[in-house]
Amino acid sequence: MFAIGHFALGYLAGKGSSSLLKVKINIPLLLVLAVLPDIDLFLQQFDDLLFMHRGATHSIVTFTVLMIPFFIKYRKQAIPYYAVLLSHSLIGDFFTGGIELFWPVSQTWVGNFLVEIGSLTDVAVEFGLFAVSTALMFKTGDLQRLLKPKKYNWILLIALGAVVGPMLARTRGFESSLPLLLMPPSIFWAVLLSSSLLIGLGKKLSNIFGAGGKSEAPANNSNSARQSITITYAYVILVSL
Ligand SMILES: [Zn+2]
């Protein structure tokens with residue numbers, strides 16, 4: 001499954017469980033965790049056996065062990081993030097080729113091998129999930145909140161990498177490249193995530209150059225965001241010159 005489907009499943013699992021448990025969930029962190037298991041695609045350049053795709057980083061044993069300190073510290077607040085990780089392996093990749101679900105206890109490949117990644121069925125499911133989850137994100141205001149400058153929004157750089165990687169692979173004709181029909185939702189996410197990152201960068205720059213003064217009233221937030229974007233674009237233009 002591509003990032004489009006993983007974002008959607010992660011959002012539905014994370015938001016759904018956080019609503020049930022009546023706890024808050026950080027959306028940028030949710031989006032990053034939704035695609036984080038695929039970091040093996042990057043790590044395999046260091047050790048292709050340990051970080052074989054859909055191996056160690058997709059195992060529910062790995063997820064559980066890594067989450068233990070967070071369960072101890074944050075208790076039920078950590079559960080929605082665990083649900084996001086589980087959605088990646090148990091739903092997203094389980095039905096599109098399988099994973100080493102119990103690595104290192106067992107290296108048996110578990111899952112459904114009938115839906116090929118990039119096939120019409122896979123694309124249709126990912127597109128449908130994208131439509132449902134983004135509509136929900138808009139309704140709850142989570143989508144709009146991504147465009148507000150927040151302290152930890154820079155972590156979205158990882159999520160952006162997961163979207164842009166397969167898009168670039170397509171231009172190079174790689175086997176794991178993005179299907180054409182998933183290009184529009186990928187462009188949507190690439191624009192949304194890069195805008196969020198630029199707004200955050202703009203806010204930081206405006207703080208450095210004194211344009212977003214600390215005494216600014218909350219009512220001026222939209223002005224501040226506009227100012228941040230202007231400063232960011234001015235900065236990008238200056239750097240590119
Ligand atoms: Zn995966």
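At roughly what angle do the axes of helix α1 and helix α6 cross? Select residues 3-21 for α1 and residues 120-140 for α6: their axes come within 8 Å and cross at roughly 45 degrees. Helices here are DSSP runs of H or I with at least four residues, numbered from the N terminus. Axes are lines fitted to C-alpha atoms over the stretch in contact, with angles from 0 to 180 degrees between N-to-C directions.

Before moving on, note that this is a predicted model, in which local features need pLDDT of at least 70, side-chain atom pairs count only at pLDDT 80 or more, and totals for chains, interfaces and linings use all residues. Residues are numbered from 1 along each chain as its sequence is written.

**Stop 1: α1 against α6**

α1 passes α6 in a left-handed crossing (the near helix is turned anticlockwise from the far one by less than a right angle; clockwise would be right-handed). Now show I4, G5, F7, A8, L9, Y11 and L12 of α1 with V125, E126, L129, F130, V132, S133 and M137 of α6, which make the contact; a pair counts if the C-beta atoms, placed from the backbone, lie within 7 Å. These residues divide into 11 nonpolar, two polar and one charged (Ala, Val, Leu, Ile, Met, Phe, Trp, Tyr, Cys and Pro are nonpolar, Asp, Glu, Lys and Arg charged, and the others, Gly among them, polar).

**Stop 2: α1 against α5**

On α1, the contact residues include G5, H6 and L9, and on α5 they include I79, P80 and Y81. The contact of α1 with α5 divides into 10 nonpolar, nine polar and no charged residues.

**Stop 3: the bend in α4**

Select residues 60-74. Helix α4 has 15 residues and reaches 20 Å from its first C-alpha to its last, close to the 21 Å expected (1.5 Å times one less than the number of residues). Centre on M67, where α4 bends by about 40 degrees, with P69 following within four residues; the bend is the angle between axes fitted to the seven residues ending there and the seven starting there.

**Stop 4: backbone details**

Most residues other than glycine have a negative phi, and most peptide bonds are trans. Just after α4, R75 takes a positive phi of about 50 degrees. K22, in the loop between α1 and α2 (27-35), has a positive phi of about 60 degrees.

Note on methods:
Helices (H or I, at least four residues) and strands (E, at least two) are DSSP runs, numbered from the N terminus. Two residues are in contact if their C-beta atoms, placed from the backbone, lie within 7 Å.
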